[in-house]
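Visitor: Hi! I'm new to reading protein structures. Could you walk me through this one?

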Amino acid sequence: MEFGQLPQVDVASVPADALLLDVRENDEWAAGRAEGALHIPMSEFVGRLGELTERAGEDERVYVVCRVGGRSAQVTQYLRQQGVDAVNVDGGMLAWEAAGRPLTADAESAYVL
């Protein structure tokens, strides 16, 4: 799949109040996530698209994130085909954590980002 034309932003460019869509699986989500992110695992995404469209404003940009950027690029491409203003967060949650952006996690999680 070609991502050359896919819009991407680095983690530092994601606004604090942005609609962040996290498409990682449940164990990854439990290990650490951005506060306020919407979690829809990529494996369930098409069936749960309505959750995103209900939360997103008419012209609101959606910032899509996964662990390193591959899955989120696929979801970003899909959303753009649906007419959603979506951008891929380059480097994913690993870059998010490395940049010192705030994270929250489930206390019982033993999984590591």
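Guide: Happy to! One term to begin with: two strands count as paired if DSSP finds at least two bridges between them. Keep in mind, too, that this is a predicted model.

Visitor: Okay, so in what order do the strands of the sheet come?

Guide: The order is 1-5-4-2-3, in an open sheet of five strands with parallel pairing. Strand 1 (8-9) and strand 3 (38-39) are at the edges with a single partner strand each, so one side of each has no neighbour in the sheet.

Visitor: What holds strands together in general?

Guide: Strands of a sheet pair through backbone hydrogen bonds, and the pairing can be parallel or antiparallel.

Visitor: How many bridges join strand 1 and strand 5?

Guide: Two, and the pairing is parallel. Val-9, for example, has Val-89 in strand 5 as its bridge partner.

Visitor: Are the faces of strand 4 covered or left open?

Guide: Both are covered. Val-62 and Val-64 are buried on one side, and Tyr-63 and Val-65 are buried on the other.

Visitor: Switching to helices: which strands does helix 3 touch?

Guide: Helix 3 (residues 70-81) packs on the sheet and touches strand 2 (19-22), strand 4 (62-65) and strand 5, and its direction makes about 175° with that of strand 5.

Visitor: Which of its residues are buried?

Guide: In helix 3 those are Ser-72, Ala-73, Val-75, Thr-76 and Leu-79. Looking down the helix axis, they fall within an arc of 165°, so they line one face of the helix. They pack against strand 2, helix 2 (49-55), strand 4 and strand 5.

Visitor: Why would a pattern like that make a face?

Guide: An α-helix has 3.6 residues a turn, so residues three or four places apart point the same way.

Visitor: Last topic: how many residues are in the largest nonpolar core?

Guide: It has 15, and Leu-21, Phe-45, Leu-52, Val-62, Val-64, Val-75 and Leu-79 have the most contacts inside it. Strand 2, helix 2, strand 4 and helix 3 each supply at least two of the core's residues.

Visitor: Is that one core or one of several?

Guide: There is another core apart from it, of 13 residues, including Trp-29, Ala-34, Val-65 and Val-89.

Technical notes: Residues are numbered from 1 along each chain as its sequence is written. This is a predicted model: local features need pLDDT of at least 70, side-chain atom pairs count only at pLDDT 80 or more; totals for chains, interfaces and linings use all residues. Side-chain values use heavy atoms; hydrogens and water are left out. Helices (H or I, at least four residues) and strands (E, at least two) are DSSP runs, numbered from the N terminus. Contact means heavy atoms within 4.5 Å. Axes are lines fitted to C-alpha atoms, for helices over the stretch in contact, and angles run from 0 to 180 degrees between N-to-C directions. Buried means under 20% relative accessible area, exposed over 50%, partly exposed in between (1.4 Å probe, protein chains only). The arc is that of the directions from the helix axis to the C-beta atoms. A nonpolar core is a set of buried Ala, Val, Leu, Ile, Met, Phe, Trp, Tyr and Cys residues joined through side-chain atoms within 4.5 Å.
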